[in-house]
Amino acid sequence: MQLIKGTRRRVATTLILGGVLAVSVLAGCSSTTTTGTSGPKGCKKIGVLLPETDTSPRWEQKDHPLLNAAITKALPGATIDFYNAVNNKDTQTNQAETALTKGDCILVVAPVDATASAAIVDKAKAQNVPVIAYDRLIQNDSLKFYVSFDNAQVGKLQGQYIADHYQKYVTQNGNNNLVMINGSKDDNNAILFHDGAHSVLDPLVSGGKLKLQFETYTPAWNNQTAQTEMEGALTTVSNKLAVAYVANDGMASTVIAALKAQGLAGKVLVTGQDATVVGFQNILLGNQAMTIYKAIGKEADATAQLVAALSNGTDTSSLATASIKLADGNSVPSVLETPVAVDLSNIASTVIADGYVTKADICQGVPAGTDGIC
Ligand code: BGC
């Protein structure tokens, strides 16, 4: 008798929990279903999942506030739950589950891992929740949209900068050694940056103009790991180096520390990406040659437009005009913004003119009068 009572109580508890879940889902999104799942139509509860905090400042300093502003402007009344997975793919999956449980009915996900995050799209789909892959692609056919920059073009711009400037460094250093420090292989962008850069550099290498001595992907884009990689590379080339292709500013900064320790900072062409304050300080001090400026406000705006269209049930074909191929050959409707290469010659006319960084910030620690900018 007691056992039966206990069983009944458990069943009742489960039902009540289910009911609470259904209520919270329905609170965020108008729905005609009775199953506790809801479509994006009328959705005002948005979940935004960002990947990390420490290897690039962009996610918390730019993407987070810009997405917040853009989505609340495009979709009045929207509330946004922000999560950051601090570079842990399992944490991100848990965060997605929490977001869905809380009733978030459109998810914007910048994945830690392009493959592992496919499970997030499946879980969301089971609740009729669309996922927009933000900045980084997710390998899942059910992905609704992908919003990013033309990332192959990012790699091409980095490679082209080397192609246009390597000769000076080869002459100065008396060697033509090239080292390539790529990003995390779990991030589809890192592969696109790598491929784009190689499309420009490979002919120089096969033509004997540059000698590729060392190349690696860097797990989790970890900046300290990049420094260790460069230390090893410098040992391999007996400190003879002309060019260091480095995928982003965070890793460039630790690569420069490794160069500095061998008296090579400023003598080697170092690339970067993200138009960070530290990146510009390194450029102004002559230790880094260039960075890539990606106007994240545009990426956030494009994402917000899609979120609003999904919620309002309006046509998205004029918004997602590009498309990107998944590994399985299927395509995802996409928005791809345009990256810009920045060096000393155009800092003022690009990032400062746009208000992306301020002169005061990038000139901190840089002697007054440097490069006509500070
Ligand atoms: C982003 C870069 C960033 C890197 C590390 C990439 O997916 O596109 O802007 O530097 O991740 O966070």
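Helix 5 (151–173) and strand 9 (269–270) each put at least two residues into the lining of the second largest pocket, and helix 5 gives the largest share, 4 residues. Helices here are DSSP runs of H or I with at least four residues, strands are runs of E with at least two, and both are numbered from the N terminus. Nearest the centre of this pocket sit Tyr161, Lys168, Tyr169, Gln288 and Ala289.

This is a predicted model, where local features need pLDDT of at least 70, side-chain atom pairs count only at pLDDT 80 or more, and totals for chains, interfaces and linings use all residues. Numbering runs from 1 along each chain as its sequence is written, and side-chain values use heavy atoms, with hydrogens and water left out.

As for terms, a pocket is an open set of points on a 1 Å grid over the protein atoms alone, where a 1.4 Å probe fits, with protein on both sides within 12 Å along at least five of seven lines; lining residues have an atom within 4 Å of a point. Volume is the space filled by probe spheres set on the points, which are joined across faces, edges and corners.

| Pocket | Volume | Lining |
|---|---|---|
| Largest | about 320 Å³ | 21 residues |

Now for the largest pocket: Pro57, Gln61, Thr276, Val277 and Val278 lie nearest its centre. Helix 2 (58–74), helix 8 (249–261) and helix 9 (277–284) are the elements giving two or more residues to that lining. The largest pocket lies between domain 1 (17–149 + 296–337) and domain 2 (151–293 + 341–368), because both give residues to its lining; the bounds come from an automatic or database domain assignment.
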